[in-house]
Amino acid sequence: MDNTKANSVVEVLSEALPYLQKLNGKTIVIKYGGNAMTDEALKVGFARDIVLLKQVGVNPVVVHGGGPQIAELLGRVGKESKFIQGMRVTDTETMDIVEMVLGGLVNKSIVTLINQQGGRAVGLTGKDGSLIRAHKMQMTSNDTDSIDLGHVGEVNTIDPSVVSMLDDDNFIPVIAPIGVGENGESYNINADLVAGKLATVLGAEKLLLLTNTVGILDKQENLLTGLSTKQVDEYIADGTIYGGMLPKVNCALDAVKSGVKTSHIIDGRVAHAVLLELLTDEGVGTLLKG
């Protein structure tokens, strides 16, 4: 190895060291979705990042989505995807497909990738061990008429014992956002919301939300980071944060207000985004803090 390359390696490791020391033994909840979940090179890189974190003493917990994969299978069986206010209408037949895709195809593919990179991943849905207790989401239109979204749910409670047991035994939990109702019925739940609630219940050090955007931008499209909850509230009030970014930002904000040390909205289109955000000074997204 020549001196230039050697010095570069040493600089990278030296920069990462204080972050590794701070994160040792801590839990990090990562919502995995977007391009990072469909691009083959990014998928392998994500799996390697998760394995590395576990190897150096961090406890990563992965919560994944799967919207594009659900839409593809629905299309193949001739069933149209219908959305109301951004929520997928989920009748009984659609719920069966959601469970098949999220709890089966997508979950197991992530588990396999992590295991191929040397990790010990275990796939779960929120129904396993009654991990995620849920109820039917209630939605109304502008004229207060009730809208029936079918098997779309909201989190009632999360039992952290299964996840904690896996962490303690050196496994990496990979969780599909499917909840169970009081009568055993299944509910499709937004993965960001599940990740945020899980981070809160686990007392996580950090919540990472992988997205297809660079993070929160100001009105001149400059990346904002190191934001306090007060600043985020102000950016929402003045319209800087709006539209499709609002639900994700509110999820990150709620987690910080509920005790998670920091939330991060990061660009999953960047290779090794998780490591770059956690272990470098500059990062690759927006950090929210209390």
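## Strand β2

Strand β2, residues 59-64, is mostly covered, with six of its six residues buried (buried means under 20% relative accessible area, exposed over 50% and partly exposed in between, using a 1.4 Å probe and protein chains only). Strands here are DSSP runs of E with at least two residues, helices are runs of H or I with at least four, and both are numbered from the N terminus. This is a predicted model, where local features need pLDDT of at least 70 and side-chain atom pairs count only at pLDDT 80 or more, while totals for chains, interfaces and linings use all residues. Residues are numbered from 1 along each chain as its sequence is written, and side-chain values use heavy atoms, with hydrogens and water left out.

Which residues point which way? Asn-59, Val-61 and Val-63 go one way from β2, Pro-60, Val-62 and His-64 go the other, and all are buried.

## Who sits beside β2

β2 runs parallel to strand β1 (residues 27-32), and six bridges join the two; strands pair if DSSP finds at least two bridges between them. Look for Thr-27, which stands opposite Asn-59 in β2.

Val-62 has Val-174 of β10 as its bridge partner.

## The cavity

There's one cavity of 30 Å³ or more in the structure, and the largest cavity comes to about 60 Å³. A cavity is a set of points, on a 1 Å grid over the protein atoms alone, where a 1.4 Å probe fits but cannot get out; lining residues have an atom within 4 Å of a point. Grid points are joined across faces, edges and corners, and the volume is the space filled by probe spheres set on the points.

Helix α2 turns up again here: it gives the most to the lining of the largest cavity, with three residues. α2 and α9 (273-279) each supply at least two. Among the lining residues are Leu-42, Phe-46, Asp-49 and His-272. The lining splits into seven nonpolar, two polar and one charged (Ala, Val, Leu, Ile, Met, Phe, Trp, Tyr, Cys and Pro count as nonpolar, Asp, Glu, Lys and Arg as charged, and the others, Gly among them, as polar).

## Thr-94

Thr-94 lies in helix α4, residues 92-116. Is Thr-94 buried or exposed? Its relative accessible area is 3%, so Thr-94 is buried. Leaving out residues up to four places away in sequence, Thr-94 touches Leu-74, Lys-79, Arg-88 and Val-89, where contact means heavy atoms within 4.5 Å.

How values were computed
On a 1 Å grid over the protein atoms alone, a cavity is a set of points where a 1.4 Å probe fits but cannot get out, and a pocket is an open set with protein on both sides within 12 Å along at least five of seven lines; lining residues have an atom within 4 Å of a point.
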